[in-house]
Amino acid sequence: MTAQTASVAAEAAAILGRLGVAPALYTGGSLISRSPVTGEETGRLPVATPNDAEAAILRAEAAFKAWRLVPAPRRGELVRLLGEELRATKADLGRLVSIEAGKSVSEGLGEVQEMIDICDFAVGLSRQLYGLTIATERPGHRMMETWHPLGVVGVITAFNFPVAVWAWNAALALICGDAVIWKPSEKTPLTALATQAILARAVARFGAAPEGLAQLLVGAGDIGAALVDSPKVALISATGSTRMGRIVGPKVAARFGRSILELGGNNAGIVCPSADLDMALRAIAFGAMGTAGQRCTTMRRLFVHDSVAEALVPRLKKAWETVSIGNPLSSQALVGPLVDKHAFDAMQAALQAAQALGGKVTGGERVSGIAGDAAYYVRPALVEMPAQVGPVLEETFAPILYVMTYRDFDAVIEAHNAVGAGLSSSIFTTDLREMEVFLSAAGSDCGISNVNIGTSGAEIGGAFGGEKETGGGRESGSDAWKGYMRRATNTINYSRELPLAQGVVFDI
């Protein structure tokens, strides 16, 4: 083991120790945790069994029955304390995210900040779980809607945002009165252990949370399946591939459960003739290369108007050829590693397919000299394509940007929408008409549509999610809290009569 590798493993263990994670939780088990920074082992975790999952579900069900009776503002106090604990441990948890997911230091810290932000949002929301008063046609009556806690929420997360997505769900679920069971990605279990330990600090300070309110199950697909199949789990929030969503969605629907699916994103940008090209260059570069192309909101397709292609595309190619690539823990490099060999192989296969269809590839090669053979650093690839065909129509979870030119605005909107996923999108223009069309019902068909910023990233205040093969789910801000509650319509008769709706007469 090299000194660099030893320092990564040792640093991860030291962080876990400071956060209160017992060594028995990440040593001696069968699930091997590896850092993409070096490719080396950082832990061996014991894994849960389907029987463990069933027991956890029963504990969560009991916890829910108690937690739903706690006033929502009081439930918000627990989330407020979680936010405080996350602030106190931001540096450590952010560093662990970088170690385990391969993110830059700033991106690791940014992910923890997202957790803090959703806690702040949820605390305020705990006093705003409003229902409507509804006009009724019957005199002497009042009609209203009320919102009630839903039940047990199963949260299945992906490696690329190993802790933030749990927080998006858990913070809202907890203030809504639900219990939470978390199944993290097998690729990032250490950050889950750390987060659970931080949550335990908040629970201890809160002092009155029922046992089993927020649990963690580390394991493989059989654990996710146990949550998906259980009728006692009212809601499954699952983040991952469209392939995974095609399995999870029908299974949950078959038992009449609810699902929030956050799946693939083949996101595109459009550069119009009036675009500010300096701004567009920076936004496109981060959107396509940030997190080594491993965000669900990564920009993967770019349509550039003929009139500005000669001015923009060479500048993009230069940025791709010169962007800094390196160890995110020990350098200021903008691009870190791919998560594993599988991601590298998928990237190479997509580039070969694009070349076979006439694509001109800049970059895409493996970069050596950063870490050992078990780590996969690559130069981001920019591929000039003659048409939107082959791999351009599919999401490859790697830093590949397919660039195409266009002439007609209506036609490029059609091309933009002609893929299965519908998560994030952006347009670069200073033309008011183009902007408004893009944001209209005839424009982008994505859940996120941006103007003069890239596709990557989102703020807590806006509901996050997409349409079509992205799954239709919404997490985080806006009114996404309604997904974690059930609605009841209430009619109260305070008169001495019994008028029926629609003037129906039924006298006995």
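Author: The largest nonpolar core has 158 residues, and Val271 and Ile284 have the most contacts inside it. The model is predicted: local features need pLDDT of at least 70, side-chain atom pairs count only at pLDDT 80 or more, and totals for chains, interfaces and linings use all residues. Residues are numbered from 1 along each chain as its sequence is written, and side-chain values use heavy atoms, with hydrogens and water left out.

Reader: What is a nonpolar core?

Author: In soluble globular proteins, nonpolar side chains tend to be buried together. A nonpolar core is a set of buried Ala, Val, Leu, Ile, Met, Phe, Trp, Tyr and Cys residues joined through side-chain atoms within 4.5 Å. Buried means under 20% relative accessible area, exposed over 50%, and partly exposed in between, with a 1.4 Å probe and protein chains only.

Reader: Which helix gives the most to this core?

Author: Helix H6, residues 164–176, gives the most, with 12 residues. Helices (H or I, at least four residues) and strands (E, at least two) are DSSP runs, numbered from the N terminus.

Reader: Which residues is Val271 in contact with?

Author: Contact means heavy atoms within 4.5 Å. Leaving aside neighbours within four places in sequence, the partners of Val271 include Leu277, Ile284, Leu302, Phe303, Tyr406 and Phe428.

Reader: How do I read a pocket or a cavity?

Author: Take a 1 Å grid over the protein atoms alone. A cavity is a set of points where a 1.4 Å probe fits but cannot get out. A pocket is an open set with protein on both sides within 12 Å along at least five of seven lines. Lining residues have an atom within 4 Å of a point. Grid points are joined across faces, edges and corners, and a volume is the space filled by probe spheres set on the points.

Reader: What is the volume of the largest pocket?

Author: The volume is about 1,100 Å³. Of its 38 lining residues, Thr239, Gly240, Ser241, Arg243 and Met244 are the closest to its centre. Helices H8 (221–229), H9 (242–254) and H12 (341–356) are the elements that give two or more residues to this lining. H9 has the largest share, five residues.

Reader: How does that lining divide by class?

Author: Ala, Val, Leu, Ile, Met, Phe, Trp, Tyr, Cys and Pro count as nonpolar, Asp, Glu, Lys and Arg as charged, and the others, Gly among them, as polar. The lining of the largest pocket has 19 nonpolar, 12 polar and seven charged residues.

Reader: What about the second largest pocket?

Author: Its volume is about 390 Å³. It is lined by 19 residues; Val323, Gln332, Ala333, Leu334 and Val335 lie nearest its centre. H10 gives the largest share of this lining, five residues.

Reader: Is Ser476 buried or exposed?

Author: Ser476 counts as buried because its relative accessibility is 2%. Ser476 lies in strand S20, residues 475–476. Its contacts beyond four places in sequence include Trp168, Leu172 and Ile460. The side chain of Ser476 also reaches the backbone oxygen of Ile460 at 3.0 Å.

Technical notes
Polar contact = N/O pair within 3.5 Å; in protein donor to acceptor, adjacent residues only side chain to side chain.
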